[in-house]
Amino acid sequence: MFTASDKELVADKKKPAENEWICMMEGIFNTLNHTMIGVVCIYTSWLCWINGFEKLYTWHVFLTLIGYHLLMAEGIVLLYSGNGWTQKLTHSHKRTVHWLIEVVGCSCCVVGIALEIYFRESTNRRHFSSTHSIVGLVSLAFLALTLVNGLMALFAPELRRRIRPIYSKLGHYLTGTVCYVLGMVAIVLAYEKKIYRQNTITEGITMMTVFTIAVTVLSMVGVVKTVYNQVKTLAK
């Protein structure tokens with residue numbers, strides 16, 4: 001018969017083993033996530049090269065993909081404890097790198113969308129006439145909100161007297177999540193556009209669609225955990 005102390009000893013031995021399995025699975029999925037991010041970005045960059053960078057629309061596709069699919073995704077994932085290449089960074093360094101990557105990523109998105117608006121204006125085409133463009137516009141609006149409350153989150157200690165840091169950080173996480181997810185949805189919708197249909201095969205479009213959806217889900221794991229913990233803190 002096992003005594004209570006024997007049961008506690010067995011439970012204590014199981015915990016490290018379970019943690020090892022969790023860390024291993026986190027590492028595997030994190031590596032898959034980075035791989036899929038790279039594959040889609042390289043593949044689309046190649047398609048943009050075929051389509052020609054002398055066209056403004058090509059730059060729209062290239063910049064928004066780099067902004068959302070590469071930089072925003074990596075900027076989000078780097079804050080996750082299971083992310084391989086940032087595990088040895090301090091929280092302060094992670095926050096600095098996050099800001100740098102996200103600012104560049106947001107700039108790419110804004111310039112990419114601005115070029116498409118200019119292109120349509122110069123060719124007398126209708127603006128925001130498709131689901132893809134409308135979703136992209138809403139994402140751009142949330143991008144602006146994310147930058148504003150991101151500044152509030154960055155200077156949360158200085159603003160402590162006016163607003164609790166947890167509120168500004170939670171607001172940043174929520175608007176940033178909506179911005180990123182909508183941007184990735186717009187990218188998935190863009191895979192049906194002419195630049196993809198004319199320059200690649202159906203299997204290539206299917207692969208990029210599956211990879212983009214998977215990247216969106218995997219990149220949100222750390223954010224969901226953080227938001228859940230902050231909501232629990234507020235509920236106390």
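**Figure 1. Lining of the largest pocket in the predicted model.** In this predicted model, the residues lining the largest pocket comprise 19 nonpolar, 13 polar and five charged. The volume of this pocket is about 820 Å³. Its lining consists of 37 residues, and those closest to the centre of the pocket are I76, L79, H98, H172 and Y173. Helices α2, α3, α4, α5, α7 and α8 each contribute at least two residues to the lining of the largest pocket. The largest share is that of α5, which provides nine residues.

**Figure 2. Lining of the second largest pocket.** The second largest pocket holds about 670 Å³ of space. Among its 32 lining residues, Y57, H60, V61, E116 and H132 lie nearest the centre. At least two lining residues come from each of α2, α3, α4, α5 and α6. Here α2 gives the most, with seven residues. By residue class, the lining of the second largest pocket divides into 15 nonpolar, eleven polar and six charged residues.

**Figure 3. The largest nonpolar core and a separate core.** The largest nonpolar core contains 30 residues, and Y68, M72, L143, Y180, Y191, Y196 and V215 have the most contacts inside it. At least two residues of this core are supplied by each of α1 (4-51), α2 (56-77), α3 (91-122), α5 (165-190), α6 (194-197), α7 (202-219) and α8 (221-235). Another core, of six residues, lies apart from the largest one and includes I66, L78, I101 and C108.

**Figure 4. Surroundings of Y191.** Y191 is one of the residues with the most contacts inside the largest nonpolar core. When its neighbours within four places in sequence are left aside, Y191 is in contact with V40, L65, H69, Y196, I205, M208, T209 and T212. One of these partners, Y196, is likewise listed among the residues with the most contacts inside the core.

**Figure 5. Position of V138 in helix α4.** V138 belongs to helix α4, which spans residues 131-154. Its relative accessibility is 36%, so V138 counts as partly exposed, a class that lies between the limits of 20% and 50%. The C-alpha atom of V138 is separated by 8.7 Å from that of G183, a residue 45 positions away along the chain.

Figure 6. With a disulfide taken as a pair of cysteine sulfur atoms within 2.5 Å, the count of disulfides comes to zero. C48 takes part in no disulfide, and the nearest cysteine sulfur, that of C41, is 10 Å away. C48 has a relative accessible area of 0% and is therefore buried. C179 is likewise in no disulfide, its nearest cysteine sulfur being that of C106, at 6.1 Å. Because its relative accessibility is 3%, C179 counts as buried.

**Figure 7. Overall setting of the close-up views.** The protein has eight helices and zero strands, in the sequence pattern α-α-α-α-α-α-α-α. Its C-alpha atoms fill a box of roughly 80 × 50 × 30 Å along the principal axes. Of its 236 residues, 38% count as buried. Among contacts between residues at least 6 apart in sequence, 74% join residues at least 24 apart.

Key:
Residues are numbered from 1 along each chain as its sequence is written. This is a predicted model: local features need pLDDT of at least 70, side-chain atom pairs count only at pLDDT 80 or more; totals for chains, interfaces and linings use all residues. Side-chain values use heavy atoms; hydrogens and water are left out. Helices (H or I, at least four residues) and strands (E, at least two) are DSSP runs, numbered from the N terminus. Buried means under 20% relative accessible area, exposed over 50%, partly exposed in between (1.4 Å probe, protein chains only). A nonpolar core is a set of buried Ala, Val, Leu, Ile, Met, Phe, Trp, Tyr and Cys residues joined through side-chain atoms within 4.5 Å. Contact means heavy atoms within 4.5 Å. On a 1 Å grid over the protein atoms alone, a cavity is a set of points where a 1.4 Å probe fits but cannot get out, and a pocket is an open set with protein on both sides within 12 Å along at least five of seven lines; lining residues have an atom within 4 Å of a point. Grid points are joined across faces, edges and corners, and a volume is the space filled by probe spheres set on the points. Ala, Val, Leu, Ile, Met, Phe, Trp, Tyr, Cys and Pro count as nonpolar, Asp, Glu, Lys and Arg as charged, and the others, Gly among them, as polar.
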